[in-house]
Amino acid sequence: MTRTAFLFPGQGARRAGMGRDLLAGRPELADRYYLEADRLLGIPLSWACLHGPDGPLREAPVSQPAVLLTSLVTLDVLRSRGAEPDVVVGHSLGAYTALVAAGALDWTDALWLVRLRGELVAAADDRVPGRMAALWGLPLAAAARLCAEARLATGETVETANDGEGGRVVVSGQLRAVAHVLDAAGAAGIRATGLSVGAALHSSLMRETEAEFGEALAATEFRDPVVPVVCGSTGEFLTTGTAARESLRGELSRPVRWAAAADRMAALDVTRFVEVGPGRTLGGLLRRLDPKARVHATGTAAQLSLTTAALAA
């Protein structure tokens with residue numbers, strides 16, 4: 001039997017106009033999700049998603065709930081066409097959407113938490129400006145050495161922020177330290193690119209933010225998942241509401257362990273993957289980890305139609 005995983009992307013998947021063509025085909029979702037999100041958050045989030053320029057979407061307090069909302073609408077459309085996952089997993093911010101998909105968290109609570117998460121991340125970046133960058137084709141241990149050299153040279157923090165998923169190591173830290181890593185990588189002929197995430201996520205610089213965020217998590221109801229959930233920051237199963245809450249408490253400062261999550265899904269004999277929401281980054285990472293993986297996108301109405309047809313076949 002073919003087993004299917006739904007994958008939920010993080011902040012880097014955001015793009016102007018995301019979800020607009022999906023809503024054109026399902027206008028009733030405007031009231032159910034977009035207008036309700038505007039009311040709950042008190043900001044024109046629907047405009048930012050559907051019509052706004054890219055500028056506001058670069059800001060964490062907007063981009064994070066915008067990506068979550070777009071993924072939720074996409075999930076609704078998939079389910080309305082009979083598509084259901086055997087397992088769910090989220091990358092960074094996508095952990096919240098995965099928990100909603102698994103029935104562990106109400107979508108309105110997830111939206112509010114993610115808005116707060118974005119505000120706290122932005123405040124942390126104001127205190128200690130940071131950035132992230134990707135290094136390609138470099139072993140994790142070698143990337144860690146570059147980070148150690150950068151810390152010694154600059155006196156600033158920079159750390160590896162993932163487990164070398166698909167040959168891509170992400171580093172996260174303060175501005176001069178990340179710049180030092182990029183320069184060293186370039187001098188060594190290593191492909192390196194800055195990421196469009198304006199903060200040092202998944203590094204120790206986020207620990208103060210997690211302490212503040214913990215109070216909001218403690219006040220939020222979490223239920224036991226009804227669909228298996230793999231934690232993207234540990235690679236472990238989340239089987240209770242308590243475990244789900246605790247996974248989010250440490251998620252901002254822990255490295256993402258996408259390769260470990262992929263291994264966990266492989267152990268479940270998952271061979272088909274649907275990236276639910278904007279972007280195709282997660283599908284690309286999975287293909288690099290397993291070239292035989294069948295990956296489907298849903299970022300546009302056309303892609304979603306192709307995906308639902310493939311799932312029904």
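Two strands are taken to pair if DSSP finds at least two bridges between them. Helices (H or I, at least four residues) and strands (E, at least two) are themselves DSSP runs, numbered from the N terminus.

Good morning, colleagues. The model before us is predicted: local features need pLDDT of at least 70, side-chain atom pairs count only at pLDDT 80 or more, and totals for chains, interfaces and linings use all residues. Residues are numbered from 1 along each chain as its sequence is written, and side-chain values use heavy atoms, with hydrogens and water left out.

I begin with the sheet. Strand E3, residues 130–136, is joined to E6 by three bridges, and the two run antiparallel. Within this pair, Leu-135 stands opposite Ala-192 of E6. The open sheet contains four strands in the order E4-E5-E3-E6, with antiparallel pairing. From one strand to the next, the twist averages 25°.

I turn to the helices. Helix H5, residues 60–80, has 21 residues and reaches 30 Å from its first C-alpha to its last. This is close to the 30 Å expected at 1.5 Å a residue, where the expected span is 1.5 Å times one less than the number of residues. Of the 21 residues of H5, 19 are buried, so the helix is largely enclosed by the rest of the structure. Buried here means under 20% relative accessible area, with exposed over 50% and partly exposed in between (1.4 Å probe, protein chains only). Gly-82, which follows H5, has a positive phi, near 90°.

How do helices H8 and H9 pack? Helix H8 (residues 140–154) and helix H9 (residues 175–187) meet at an angle of about 125°, with their axes 9 Å apart. Axes are lines fitted to C-alpha atoms, for helices over the stretch in contact, and angles run from 0 to 180 degrees between N-to-C directions. H8 and H9 are therefore oblique to each other; angles under 35 degrees count as roughly parallel, over 145 as roughly antiparallel, 65 to 115 as roughly perpendicular and the rest as oblique. The contact (heavy atoms within 4.5 Å) involves residues including Leu-146 and Ala-150 of H8 and His-180 and Ala-184 of H9.

Finally, Ser-92 lies in the loop between strand E2 (87–90) and helix H6 (94–101). Is Ser-92 buried or exposed? Ser-92 is buried, with a relative accessible area of 11%. Not counting residues up to four places away in sequence, Ser-92 touches Arg-117, His-202, Glu-251 and Val-256.
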